[in-house]
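Subject: Structure handover

Hi,

Here is the structure I promised to pass on. Please open it alongside this note; what I found follows below.

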Amino acid sequence: MSAALSTDRPAAPARPPGRGESPGHAAPSGRASERSRPASADDEPEDATDVLVVGGGVIGLTAAWRASRAGLRVTVLDPSPGDGATHAAAGMLAPVTEADFGEEAALRLGADSAARWPAFAAELEADSGLDVGLRATGTLTLAYDGDDLTLGRRVRALQEEWGLDSTEISVAAAREREPLVGQRVAGAFWAPGDHQVDPRAVHRALTSALARDPRAAVVRRRAGRLLRAAGPSAPGPGSPVTGALDDAGVEHRAGTVVLAAGADSGSLLAGVPEVRAPTRPVKGQTLRLDAPPWFTLDHVVRGIVQGRPVYVVPRTPGPDGHREVVVGATSEEHPDDRRATAGGVFALLRDARALLPGLDELALVEVTPRVRPGTPDNLPFLGPTTVPGLVLATGHYRNGVLLAPVTGAAVDALLAGAPLPPTVAAIDPMRFSPAPAPAPSSSSR
Ligand SMILES: Cc1cc2nc3c(=O)[nH]c(=O)nc-3n(C[C@H](O)[C@H](O)[C@H](O)COP(=O)(O)OP(=O)(O)OC[C@H]3O[C@@H](n4cnc5c(N)ncnc54)[C@H](O)[C@@H]3O)c2cc1C
């Protein structure tokens, strides 16, 4: 973190605008205007921070890092930062090969974020001094049998309709790229722009970047509920969110609260009925294998095996020539039980080895079950709410690693009072919230 920012402590808590509020405050210079002060600013404890981020996964820490970069004081509240979905994620940056029927808004958001990854990684690496493992490898998709090839061609037609860069290639051409491709493969597709990053390395880098900022803190406690300012009568509808109460009964006050608690986010809104951001856990299991030097897989390999999706993500080899290979992922409508199941491991290995038989020889070193933050329409909740002081950054479902840079850009825009990136603005974070009560008439009649 630059020394220039660390001397530029804001005079008052910064508050990105709620919907309908006027922007133009909480500038990155760190000076917040009187307008940006919460209704209860006079009552705020001296130790209130500017931004409180509830949840320290890849999304929460991205928000925190951007706030820290903007010269604001930031606190992250999380009992176990990085141990949610972020810990399981394979790190595919794959807007093209994730594109699905009826999900064009998600595609546009993902493509926007993918384009931001190189600059995001470079800035984060410079701030943290750590490598995030961004690899521009492209993605090969293999179809196992004739039916899988038919399905692959339907998806390719959709990708073409949406102007995405993806082509069908011969199996021989696939094997030229990846000699480890097995004998029983019916067809192949190539998406040159779908890459990968190491999510655990990204999280380490975000943690390190924040640790370098003396005004940033990570508090290892769980938020029990959000706090609201006392309005004219009592805390309630319309009153600002002013912080969170942790599981030790400690209040953390802030000018702005960013809710980024992954699949648990929706339940933390119990005391804020004006805002509904329904998140649900969608369990996924990934496997981590240790590959010796002869396992030369270089590209991300995705596949459809008798209708089932599977992927294999090889990392950069270490100094000993060994590399981590991630195989994923199951998708189960199941709560966060953290149980690795025999059936999940079996299904992933059965399908992955059908495409890349050499996987049989690798050591299985880890099975990681975690839950994705799913939403009813597979789109995130990202942006300001009608409740002053409350910003949503959650529900990134299957693509939170991909979406970290565009989430960061949204946070930058909010703090600067600038417009959100259009791909973010296109997705209303309040789309599941109750319609606001009509304003009382100002007429004296
Ligand atoms: C198996 C699997 C594979 C995936 N693969 C990919 C991939 O290849 N590419 C990709 O882009 N995405 C992938 N994802 C999705 C990606 O991991 C998520 O979208 C992303 O991690 C969401 O980040 P998050 O910070 O919102 O949530 P999380 O990483 O889940 O973090 C939420 C944090 O909130 C904390 N928390 C929860 N409740 C509270 C509370 N009450 N108070 C304080 N803190 C709280 C948790 O401890 C946790 O640290 C995958 C996910 C899974 C499960």
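First, a definition for the helix packing: axes are lines fitted to C-alpha atoms, for helices over the stretch in contact, and angles run from 0 to 180 degrees between N-to-C directions. This is a predicted model, in which local features need pLDDT of at least 70, side-chain atom pairs count only at pLDDT 80 or more, and totals for chains, interfaces and linings use all residues. Residues are numbered from 1 along each chain as its sequence is written.

Overview

The protein has eleven helices and 18 strands. Both are DSSP runs, numbered from the N terminus: helices are H or I with at least four residues, strands are E with at least two. Of the 445 residues, 51% are buried. Buried means 20 or more other C-beta atoms within 10 Å of a residue's own; exposed means 12 or fewer; partly exposed is in between, with C-beta atoms placed from the backbone. Among contacts with a separation of 6 or more, 75% join residues 24 or more positions apart. Two residues are in contact if their C-beta atoms, placed from the backbone, lie within 7 Å.

Helix H10 and its partners

Two packed helices are described by the angle between their axes and the distance between the axes. Take helix H5 (residues 104-128) and helix H10. Their axes come within 6 Å and cross at roughly 85°. H5 is therefore roughly perpendicular to H10. That word covers 65 to 115 degrees; under 35 is roughly parallel, over 145 roughly antiparallel, and the rest oblique. H5 contributes Leu109, Asp112, Ser113, Arg116, Trp117 and Phe120, and H10 contributes Ala404, Pro405, Val406, Gly408 and Ala409. By class, this contact of H5 with H10 has seven nonpolar, two polar and two charged residues. Ala, Val, Leu, Ile, Met, Phe, Trp, Tyr, Cys and Pro count as nonpolar, Asp, Glu, Lys and Arg as charged, and the others, Gly among them, as polar.

H2 also meets H10 (residues 404-416): the axes come within 9 Å and cross at roughly 40°. The two are therefore oblique to each other. In H2, the contact residues are Val58, Ile59, Thr62, Ala63, Arg66 and Ala67; in H10 they are Ala404, Thr407, Gly408, Val411, Asp412 and Leu415.

Ligand shell

There are 44 residues around the ligand, and Gly57, Gly84, Gly262, Gly284 and Gly400 come nearest. Helix H2 (58-69), helix H3 (85-88), strand S12 (280-291) and strand S16 (363-374) each give two or more residues to the shell. A residue is near a molecule if its C-beta atom, placed from the backbone, lies within 6 Å of it. The shell holds 20 nonpolar, 17 polar and seven charged residues.

Backbone points to check

Most residues other than glycine have a negative phi, and most peptide bonds are trans. The peptide bond from Gly328 to Ala329 is cis, with omega near -20°. Ala329 is in the loop between strand S15 (323-328) and helix H9 (342-355). Arg338 is in the loop between S15 and H9 too. Its phi is positive, near 60°. Arg338 is exposed, with 11 other C-beta atoms within 10 Å. Tyr397 also has a positive phi, about 45°. Tyr397 sits in the loop between strand S18 (390-394) and H10. Tyr397 counts as buried because it has 21 C-beta neighbours inside 10 Å.

Best wishes
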